[in-house]
Every structure is written in structure tokens, then in C-alpha cells.
Amino acid sequence: MTDTETRTTCPYCGVGCGVLARVESDGGVSVRGDPEHPANLGRLCSKGSALGDTFDSSSRLLHPLVHGQRATWDAALGLVAGRLRAVLDRHGPEAVAFYVSGQLLTEDYYVANKLMKGFIGGANIDTNSRLCMASAVAGHKRAFGTDTVPGCYEDIERAKLVVLVGSNAAWCHPVLYQRLVQAKKDHPELRVVLIDPRRTASADIADAHLALRPGTDAVLFNGLLVHLADHDETNPLFVEPHTEGLDDALACARAGSPDIEGVARACGLGPAQVAEFFALFARTERVVTLFSQGVNQSSSGTDKVNSIINCHLLTGRIGRPGMGPFSLTGQPNAMGGREVGGLANQLAAHFELDFPAHRALVQEFWRAPTIASRPGLKAVDLFRAVEAGGIKVLWIMATNPAVSLPDSAQARRALEQCELVIVSDCVRHTDTTRYAHVLLPALGWGEKDGTVTNSERRISRQRAFLPPPGEARPDWWMVCEVAKRLGFERAFDYANAAAIFREHAALSAVANGGTRAFDLSGLADLSDEAYAALAPLQWPVTARQSKGTARLFGDGGFFTASGRGRFVAVTPRPPAHATNKDFPLALNTGRVRDHWHTLTRTGLSARLSAHTHEPYVEIHPDDARPLGLAEGTLARIESVWGRASARVRVADSVRPGTVFAPMHWNDQFTNAGCIGRAVNPATDPISGEPEFKHTPVRLVPQKPAWYGFLLSRRRLNAGGASYWAMARGRGLWRYELAGDDLPQDWAAAARAALCAHDEKVEWIEYFDTAVRRYRAARLTDGQLESCIFIGPDPQLPPREWLAGLFALNQLDAPTRAGLLTGTPPKGAPDAGRPICACFGVGEKTLRAAIAGGCASVEAIGARLKAGTHCGSCVPEIKALLARDGGAKGESRIAFRR
Ligand code: SF4
């Protein structure tokens, strides 16, 4: 690390990579992976590598706004506190709610939870982490008596078998996946099994892919439990002294998953595949089972989690090097939120809201006037209560529920009619800020200061390296200022984030003595200087374990009442809503490689927007054919709850009967692609986590009168199109368009859309009325300003070469000649569709290299550098090699209906 670099942590996923950030002389920010951070050891994925691209002052919320008008902090906070006080006096604490976020720092989270549960006296504080890992929390608590991940990342490298269940780690936890890739290279005997209905990028290194029927994970793991028991592959030395409940769990599993044939039938797999997986799991001592949203986001997510944990308990493969069930969290600080009680059914510091003695301890520690006495509403129910009018004031911090909640139209209705919506965010315009009565400007990444905890319980510092923009302030400061105005000055009088952290750590030590796994007693006396310098470490951190704790439960020591790990009897349930004749396809939602959540940050980066630039829906060819859905056309995804439009991708990577759509797009980037509108709001009865992976839908082909695209240096209004999706390019904006109405006069319509009224502007145009093709380009002083391509179908020129012309000061004659056909002159660079985000290598360049003799990923890396940095594009490079070069090794899966 150099003197000019700041050591901090990536704000995206739960891997929690260390980042070294530097402000350059031109004010830009450059980043590199921190070689000393134990989570990433110097690596960053495409998203982390592009963090420097995502600072955009024009998108920031810089001042408090009240009803859209700029206000002073004092006025805005006074209004918030005044309205809160009035509602509390009139309607009580349950009329107030906070909806917070895994993007908050632990210190922000801590004071928000303290204000709600100890001083307002309700528990209506829930977090968007409810949407991604609440089932893992509930499963952990049932099995271990504590929400504690037993192992650490190093276990993945020390395992002999890694099972990925419902986890596309290659795209969603890329650096961890790259550690797995490297481990497999170093230890070729390491086996990887992917269990996922979809053939995701994570199938790339899988020795086997079990493309099971959606929702049948618990059937499979129940079957595995029975198999292990029946084949004497158990660990009685662990099970007998350290666990309880095996008989019930086994009886339940036997009832539902009697034999391999039955399991295979129920899961839609081949019996040989199932038998092979069971045998591999049985004979391999060092097994890590990584699971994430594919397991958690289900109306039976908690049971699925426990069905996995059961198999690890039975074999005693937990908390020892190279083994254990491992929940991968989605967000950078989902784990920190769990520590402080950011979920409506938790207290703080892993105290239990349901235990009167715990409530009393926390109340006394906080010297609080009250304490919530029962769990609050979980995310989906919380927004229902807002719509029903029971919740009058809602404070949303650092999240975008109008996009991310299931049945998002319901969330929007709730926000529409809520008496007071307060949103604290660093972004001015989101689908959610649109509904805010009060907007409070928050610090963003690089400006704020505090801690986050990653998936392996590792606490790392996020450090500021930029000054606060405008009047933006830390989230914790806003919460404390409101608390003080409510009359709680003493309890919220913190000098800085370090003071909050010390209190958080001290609370974890209260009446602990080893009774709660979450224990930061070893950090309770950190000085400000020591907090500033805090190195990443895993909790628990106590006087005895001052360097943290890598693993728990290897020798038992669970936190249940009996101290034993609990087997949970699991009766598998199908998804809450079955497909039917009207809605015959099961919609699965998830992430794409280079985007994060609702695009508020990654959507600012041209580099990250290039790989996937508009919403899409993947459908199996067998399902696409009878519906008349062809590649590149548009489809409407319709469910009982709502609809969204997306580009059709026909792909055999999804199972027949299922479709996949990314979760990211919102109304800022498309007029119709927000998939949350269609997602069903069913939740798990224990965890409250929504079923994002299984919504019955139908796909309806859209038949627009025209398709088109538009590239422009300036951001334009695409409102005239019935479908549009916008993405940032390098020095341009890119719009994909379609329309239901044919304009009378294309030239006039295009000039209006491109604002080409100036006579001095050069206007090149082509119109073939017979086939309804229209193309035009606008140039100023020989430089391309914008171009538009319209046709009766989606067969339009590739955009990449045209987009590259925006970097030129002048278009030469051969380039102008090819402009309206979209054809580069001979010899002109045309990389094609972007594949490698880190080095900007496109598909055409890669295919040329393959044609020129590059026969392996390594050879391509040596020639083009593609795939040599973050590694996220390697599965796509391998697919190109397999297609063009006949390379071996691409995963192949046969689907069974
Ligand atoms: Fe950031 Fe996650 Fe990528 Fe690491 S893997 S750089 S934490 S997005």
C-alpha cells in the first residue's frame, strides 16, 4: 500500500473484498485489490475493479429536500422529529417503521435499531437483507441456536468437495468463486458439484451439475440424509454427544425421500446422477456446501437451509478445516445488520427479542425508556401495513424497495399513500425517492466511515477517502440528530463512528460469558486510533481470542438451550404458487455478471453496462418455439401480480418450463423492465423471505410495429417509444427501442427525438419505405452526435462499432460510407459484443484469436489479457472456445421433465 492509498472495503457483495483506493490528481478515483485483505488477497471482480467509474456528482442528492424544496438540515430534521413525535403520541410506536439496508454500515444500523427498539419502543425496523438471507438466519438459529456461519473462506480451498446449491457464485460472489477456481487448479482432485435448475456460469468448473426441478432442494438433501444414515456414513462421535433430534429428522426425511429413484423422480434428475452425488458426498470427509439465494429465496427457504445443515451435522462435517455448511450473504453488510438487530424479529448483539431477560438487559444497557416487546413486521408485511394505513411514517435508508420488493406495484401503492415517507440516500433520483416527502442526503462509498461484516463473520473497515459532497452526512448522524430532537440526547450523543462501534462491542459482552456466539468484548475498549487502524478480523473476538475466530462448532459447543446442534425435521413443500394452465412457466430472478442491485451505482459505469445493457428473459427453445418467441424479440412477462417487458434470449441453460430474468432494471433505466412488478409476494412462514425464485408466469410475444436503437452523446427522452431501455456507454447513451405506432413521417419523428432542428447540423438519412427501414445520423463538425436505426424486426446492425465512433473527433470518408449500414470499413477495429470488462475485449476479437490458433483460456489470456484479471469472463471465453475451437470441457446437462 502506498502513502496515497486508503485501505477500505468493497461496497457490493458479501465477499467483502479489501480495496486500496486512491484519489488521482485529476480528481478521479482508482482502485486495486488489497493484497493483505484475507477475503480477496488482492483480487477484485469486474464490479469492484470499476468502482472508480461510479462517482458521478450529477446523480447525487446533495441537500435536504422537503416536498421537493431545498431545506436546511435543521428544518428537515425538525420536521421529521416533529411528525414522528405527533404520530407516536397519537398512534403509538407501531405506526412508525424504518426500512433499512445491507448497504448501511454497522454503526448506522446500530443506532437505527437502538432508536426504534429502545426509544420509539416498536420493532417495525426491517432490512432489505430480509430479501436475500433471512432464511439462512432462521436456519442457523434453529440448528445452532445462533445466527452464526460456522466456517471461513479458507475452508473452500481446503475442501475436497464443494457443493454449490442455488448459488451462481461465479457472478454473484466472483472473488470467492475465483478462489475456488484457483483451488481446483492447485488441487485437481477437488470436486465441485453445482445444484441449480439453471446452467449458470458457475457450471464452468463443475464436475457435475444437478439441474433439479425448481423448489426440490429439500427433497434432495433429505434423500442425502437418508442415504448417509442407511450407508453408515455418519459420525456417531459427533452426533451422539453434540446433537439432538436426529430420529425425527430422519423419519421425516424417510417419509418424503424414500430412495434414490424417488428422489430423482421428484427432483427431475437421473437416478445415476443422484446416486453419484450421494456417494461422492458420503465418501468425502472435507465437504463445504455453499448456498445462497437459490436456497434462501423460497417460501420454504428455512427448511431448505436446515435440510443442508442436517447432512453436515450427521457427518460431523462442520467447523473443522475444509468442511461445513456455508451461507453466502448477498450484501456487503447483511451480516453486520444481523449483529445489531436490523431484522424486525431480532434484538441487538444477538439478544433474543422473545426473551424478557434479554430485553431487560438491553434496555438497561441502553438506559432506554422502553423496549420493544414483540417482533415487528417483516419487509413484505411491513409494506402491506403501510398500504393498509397502520404505518403512518416510514423512513427508508439506503435502499430502493419500489424496485426490489416482490409485487413492487404494491410497494409503490404503499409509498404513494403513506402520510410521511422519509428517504435517506446518496442518489437523488430512484424509483423510491420519487415518493419521498423528505429526502436526506447521505454519504456514499468513499465518503463514509465505519465497519461492515462479510459472509465469513469478518469485520472490515470502510474508510473515507473523499470529502463529503454538498451537505451529505453519515446515516448514523441523521438518526442520532432525529433521536436528540425526540428528547433522547444523552443516548445518542456520539462523537464519531468509533464511539458507536465501542458501544456495539460492549453490548455484545453484556451477560455473555460464552452464552452468545456474537461477542466483540475484545474490541469494546478500542481507542479512536485503534478503530481507525482496525485490521479485518472474524468474530467472536474476546480477550482469549483477540485475533478473532475462524471456525465454530467443530467440537460441538452450540448455542441452543441444551448446547447441542439440532437436526430439524423437514417436510419438503412445493413453491407457494404452482404453475398452471394460465401461467405455465416458473419465473426465476437473479443477478447478471456486472450489475449490482437496482443499478444506482453500477448503472453509472459504461464498462459495467456494456455486458448486459437491457432487461432480458431467458427461455428454453422448447418453450420459445410454440410461443413464437425468437431471439432478440420482445416478450411481456405476465403474472397474477403484474407484468414486465424484456428482450428474449432463447437458451438451453434454463430448464424447460422455467424462465430467468435479472432483478436490476428499474424505471430510471427502462419504462417496462422492472421484473419486481411480476414477482409473487409469497414468503417463508419462518424467515419472511420472499419467493423470488418461483413465480408462475406466462410469456406473451410483443409485436411492436418497429424495433430500433439510438446512440447519442446527450441523454434524450425516449418517451415516444412503447418500450425503451437505456444504458451508459463510453461518451454516449444507448437506447434500445420499440414502438407500437408507425409515425407518419419518420424523418420528422427522428429529428424531434434527436433534437436535430439546427440547420447547421449535418443530417445523413436513409429510408426504405418498402421494408420500413429508417436510419439517420446527426453530425456536428464531422463528429458523430447521434444515430438512430429503425426496422420492422430486431435484425439491426451491431451497436458496438457504431458506439466506438463516438470516440472519434472526425469520421473519415470510409467510415461515413459505412455509417448507416453499420458496417466498419475494411480493417477498422470492431471488437464486437463486450466479454471481458476489465480489458475491454469483445467477442469478435476473441473469435479472431481463436481462429488464429488460440486454443485455450490461457492462450487467449496471453495474447489479449482477457480473463486474466477478475476471471468473471472465463466461462464465456470457454463457451466461445467450445463453439469455435472445439475445445473440451464445457458443462453439458441433459434436462428431464
Ligand atoms: Fe466487491 Fe464482491 Fe466483487 Fe469482491 S467479489 S470485488 S466484494 S463485488
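Visitor: Leaving aside neighbours within four places in sequence, which residues is Arg-636 in contact with?
Guide: Arg-636 is in contact with Arg-643, Ala-644, Ser-645, Arg-698, Leu-699, Val-700 and Gln-702, once its neighbours within four places in sequence are left aside. Please keep in mind that this is a predicted model.

Visitor: How far apart are Arg-636 and Gln-702, in sequence and in space?
Guide: They are 66 residues apart in sequence, and their C-alpha atoms are 6.4 Å apart in space.

Visitor: Where is Arg-636 found, and is the residue buried, exposed or partly exposed?
Guide: Arg-636 is found in strand E23, which spans residues 634-638. Its relative accessible area is 23%, so Arg-636 is partly exposed; the buried class would require a value under 20%.

Visitor: What does the side chain of Arg-636 make a polar contact with?
Guide: The partner is the side chain of Glu-638, at 2.8 Å.

Visitor: Let us turn to domains. Which ones does the assignment give?
Guide: The assignment gives domain 1 (6-53), domain 2 (60-128 + 335-442 + 487-494), domain 3 (139-327), domain 4 (585-702), domain 5 (706-821) and domain 6 (834-885). Separately, an unreviewed UniProt entry carries the annotation "domain: 4Fe-4S Mo/W bis-MGD-type" for residues 3-59. Over residues 3-59 the chain is 7% helix and 28% strand, with the end C-alpha atoms 30 Å apart.

Visitor: How many residues of domain 2 are in contact with domain 4, and what area is buried between them?
Guide: In domain 2, 17 residues are in contact with 23 residues of domain 4. The buried area is about 1500 Å², and carbon and sulfur atoms give 54% of that area. Val-403, Pro-406 and Asp-407 supply 31% of what domain 2 buries against domain 4, more than any other three residues. The centres of the two domains, taken over C-alpha atoms, are separated by 30 Å.

Visitor: Asp-407, then. Where is it found, and why does it count as buried?
Guide: Asp-407 is found in the loop between helix H18 (401-404) and helix H19 (408-417). Asp-407 counts as buried because its relative accessibility is 11%, and buried means under 20%. Its phi is near 45 degrees, a positive value in a residue other than glycine. Most residues other than glycine have a negative phi.

Visitor: What about phi of His-350?
Guide: Phi of His-350 is also positive, near 60 degrees. His-350 lies in the loop between helix H15 (334-340) and helix H16 (356-366), and it is buried, with a relative accessible area of 15%.

Visitor: Which peptide bond is cis?
Guide: The bond from Trp-539 to Pro-540 is cis, with omega near 0 degrees. Pro-540 lies in the loop between strand E19 (537-538) and strand E20 (565-566).

Visitor: Finally, the packing. How many residues has the largest nonpolar core?
Guide: That core has 191 residues, and those with the most contacts inside it are Phe-98, Leu-115, Ile-195, Leu-220, Phe-277 and Phe-492. Apart from it lies another core of 42 residues, which includes Ala-385, Val-386, Ile-619 and Ala-644.

Visitor: What does Phe-492 touch, not counting residues up to four places away in sequence?
Guide: Phe-492 touches Val-111, Lys-114, Leu-115, Phe-119, Cys-480, Ala-483 and Lys-484 on that basis. As for Ala-491, leaving aside its neighbours within four places in sequence, that residue is in contact with Lys-114, Phe-119 and Trp-366. Ala-491 lies in the loop between helix H20 (475-485) and helix H21 (497-509).

Key
Residues numbered from 1 in each chain as written. Predicted model: local features only at pLDDT ≥ 70, side-chain atom pairs only at ≥ 80, totals over all residues. Heavy atoms only, no water. Core = buried A, V, L, I, M, F, W, Y, C linked by side-chain atoms within 4.5 Å. Buried < 20%, exposed > 50% of the residue type's maximum accessible area, 1.4 Å probe, protein only. Contact = heavy atoms within 4.5 Å. Helix = DSSP H or I, 4+ residues; strand = E, 2+ residues; numbered from the N terminus. Polar contact = N/O pair within 3.5 Å; in protein donor to acceptor, adjacent residues only side chain to side chain. UniProt positions renumbered as here; feature names shortened; annotations may be inferred. Domains from an automatic or database assignment. Buried area = accessible area lost by both parts, 1.4 Å probe.
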